[in-house]
Amino acid sequence: MPRKSETAGRPKRSKASFVVVANRLPVDRSIGPDGREEWRTSPGGLVAALEPVLAQNSGTWVGWTGAPDDKQPPFEADDLRMVPVTLSADEVADYYEGFSNATLWPLYHDVTAPPVFERRWWDAYREVNRRFAAVAAEEAATGAIVWVQDYQLQLVPALLRAERPDLRIGFFNHIPFPGYELYSRLPWRTQVVEGLLGADLIGFQRRDDASNFLRAARVLTGATTRGSVIEVAPKDGAPGRHLRAAPFPISIDTAGLEALSRRPDVVGRANELRSELGNPSTVLLGVDRLDYTKGILHRLRAYGELLDDGELGPPGTVLIQVASPSRERVGEYQNLRDEVELIVGRVNGDHSSVGNPAIHYLHQSFPKEEMAALYLLADVMLVTPLRDGMNLVAKEYVACHHDLHGALVLSEFTGAADELRQAFLVNPYDIDGMKDAILAAVRATPVEQSRRMRPLRRRVIEADVHHWANTFLGALDMVTTS
Ligand code: G6P
C-alpha cells in the first residue's frame with residue numbers, strides 16, 4: 001500500500017504510549033508516477049510481523065530509513081508516526097554492516113560464518129544504540145510501553161531505563177541466542193548482556209534461546225535466576241530489579257495471507273506460472289534472503305545429486321529458488337552469491353535442455369501477491385537453514401495451503417521446527433538424509449500430504465502474529481519490576 005509522506009504543516013503530535021524501536025522503519029521510499037516521494041511497506045519478516053500489531057494500537061515507530069545520511073524528519077503513514085534515526089555512511093559500515101551483520105549475525109547463528117571482532121565497530125554500535133535510546137526516550141509518554149526489536153539494538157533497554165525509569169521496556173530477539181561456549185567469544189559479552197537486562201521482559205523465539213541467555217546472565221553478571229525470572233542485584237546506586245526472559249515464538253498474519261492466497265488473481269497467477277513452466281508434475285520451491293544461514297548451498301547440493309542420480313529432473317520436476325538480495329556490501333554475502341550462482345550454473349549446465357531449466361534461480365524480491373502465487377504453486381517447499389531464529393517462510397507456505405495439498409521439508413535447526421512437527425524434518429548437513437526427505441515429500445500421496453498439513457495449519461492458525469504480540473505484551477504487563 002503506498003504511503004505518502006505528510007510531514008508539512010502537521011501539528012506536533014503528543015507523545016506516544018506505545019513505541020516500537022527497530023533498526024529499520026517498516027517502509028521503503030520510492031518516487032511515484034507524479035514524481036512525488038512515496039513510502040511503501042517494505043518486505044521482510046520483522047515488518048510483516050509487527051505491522052498488524054501497530055495498526056491496532058496507533059503508535060510510533062523509531063527506526064532507520066535504510067539510506068546513509070538520510071535526514072528525513074518524522075512523518076505520518078496511515079495512523080502510524082514514523083521517527084527516522086539518521087545513520088552516517090561510516091555508521092552504516094561499522095554499526096549495521098560491521099557489528100550487527102559481520103559480528104553478531106554469524107556469532108548468534110552458530111558461527112555458520114566466522115564472526116569478525118573489530119573494536120571500531122563496537123564503538124559505532126554503542127553510539128548508534130545510544131542515539132536510538134535517546135530518540136525513543138524523547139518520543140515516549142510517561143509510563144509508556146517501549147518494545148525494542150532485535151540484535152542490532154541490544155544496548156537500548158539499559159540505556160533507555162537509565163534515562164526513563166518510568167517506562168515499561170520489552171525486548172524481542174528475532175534471531176537465536178547462542179550457547180555460552182559460542183557467546184563467550186564476544187569480547188563485549190558482558191556489556192551486551194547488561195544492555196539486555198535493562199528490559200522488563202526479554203522475549204526469545206525458542207526455549208533453548210531463553211535458557212542460553214539465562215546462563216550467560218548468571219555467568220557474566222552474577223544475576224540469579226529462578227525459572228524465567230532474573231534477579232539483578234543493586235549496583236552503582238541503581239536499585240535491584242526483577243525481570244523475565246522467556247520464549248514467545250513469532251508468527252505471521254495467517255488469516256491475511258490465507259485470504260490473499262484465495263484471491264482469484266493470485267490463484268490465476270499460480271496457474272499461469274505452472275503453465276509457463278510447461279505444466280510439470282512437481283514444482284519445488286525455495287524462498288530465502290540470500291544469506292549463508294539459510295542452507296541454500298546444502299539444498300542445491302542435495303537437489304543436484306537427486307538429478308545426477310536420475311531420481312528427479314526436468315521437465316517433470318522443476319525447482320524455483322528465490323534468493324532475495326540482502327546485505328550486499330558484506331563480504332560473506334558476496335562470497336555466498338558467487339557460490340550459489342556457481343552451483344546453479346553447474347546443475348543447469350548438466351541437467352537443463354532448451355526451454356527446460358532444472359533450476360529457475362531468481363535473485364530478486366517480489367511483491368506479496370507474487371509470493372502467495374509461488375507458495376500456492378509449490379508442491380514441495382524446501383526450508384533448510386543451518387540455523388534460523390524462526391523462519392516465517394515455512395509458516396507462510398502452510399498458511400497458503402488451505403486445500404491441504406503440498407509438503408513442507410523443514411530444517412530441524414529453525415525455530416519453526418519446534419512448532420511444525422509434522423513437516424518432513426531434516427538435518428541440512430546430512431545431504432543423504434535431505435535427499436531422502438525431498439524424495440519422500442515429492443512422492444507423498446494426497447492422503448499423506450493432508451495428514452501432515454492439517455496439524456501444521458492448526459498451529460499457524462492458532463498461534464498467529466496477533467497471538468504472539470498479545471502474549472508478549474500481556475506478559476510485559478504482568479512483570480512486577482520491584
Ligand atoms: C532478519 C532480522 C531482521 C532484519 C531482516 C532483514 O529477519 O532478524 O532484524 O531486519 O533479517 O535484514 P536487513 O539487514 O536487511 O534489515
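The questions and answers below go through these topics in turn.

Analyst: Happy to. This is a predicted model in which local features need pLDDT of at least 70 and side-chain atom pairs count only at pLDDT 80 or more, while totals for chains, interfaces and linings use all residues. Residues are numbered from 1 along each chain as its sequence is written, and side-chain values use heavy atoms, with hydrogens and water left out.

User: How far is a polar side-chain atom of Asp150 from an oxygen atom of the ligand?

Analyst: Polar contacts here are pairs of N or O atoms within 3.5 Å; within protein, one must be able to donate a hydrogen and the other to accept it, and residues adjacent in sequence count only if both atoms are side-chain atoms. Gln152 places a polar side-chain atom 3.2 Å from a ligand oxygen, and for an N or O atom in the side chain of Arg327 the distance is 2.8 Å. For Asp150, the distance to an oxygen atom of the ligand is 2.6 Å.

User: Which element supplies the largest share of the lining of the second largest pocket?

Analyst: A pocket is an open set of points on a 1 Å grid over the protein atoms alone, with protein on both sides within 12 Å along at least five of seven lines, and lining residues have an atom within 4 Å of a point. This one holds about 870 Å³, a volume being the space filled by probe spheres set on points joined across faces, edges and corners. Its lining has 26 residues, with Ala158, Glu194, Gly198, Ala238 and Arg241 nearest the centre. At least two lining residues come from each of α3 (119–139), α4 (156–163) and α6 (189–196), and the largest share, four residues, comes from α4.

User: Which element gives the largest share of the lining of the largest cavity?

Analyst: A cavity is a set of grid points where a 1.4 Å probe fits but cannot get out. The largest has about 30 Å³ of space and is lined by Gly406, Ala407, Leu408, Phe424, Gln449, Arg452, Met453 and Leu456. Four of these residues, the largest share, come from α16.

User: Why does the pair of Trp122 and Trp188 count as stacked?

Analyst: Rings of Phe, Tyr and Trp (its six-membered ring) pair if their centres lie within 6.5 Å, with planes under 30 degrees apart stacked, over 60 edge-to-face and the rest tilted. The structure holds 22 aromatic pairs. The centres of Trp122 and Trp188 are 5.4 Å apart and their planes lie at 15 degrees, so the pair is stacked.

User: What is the phi of Arg327?

Analyst: Most residues other than glycine have a negative phi. Arg327 lies in the loop between β15 and α11 (331–351). Although Arg327 is not a glycine, its phi is positive, about 45 degrees.
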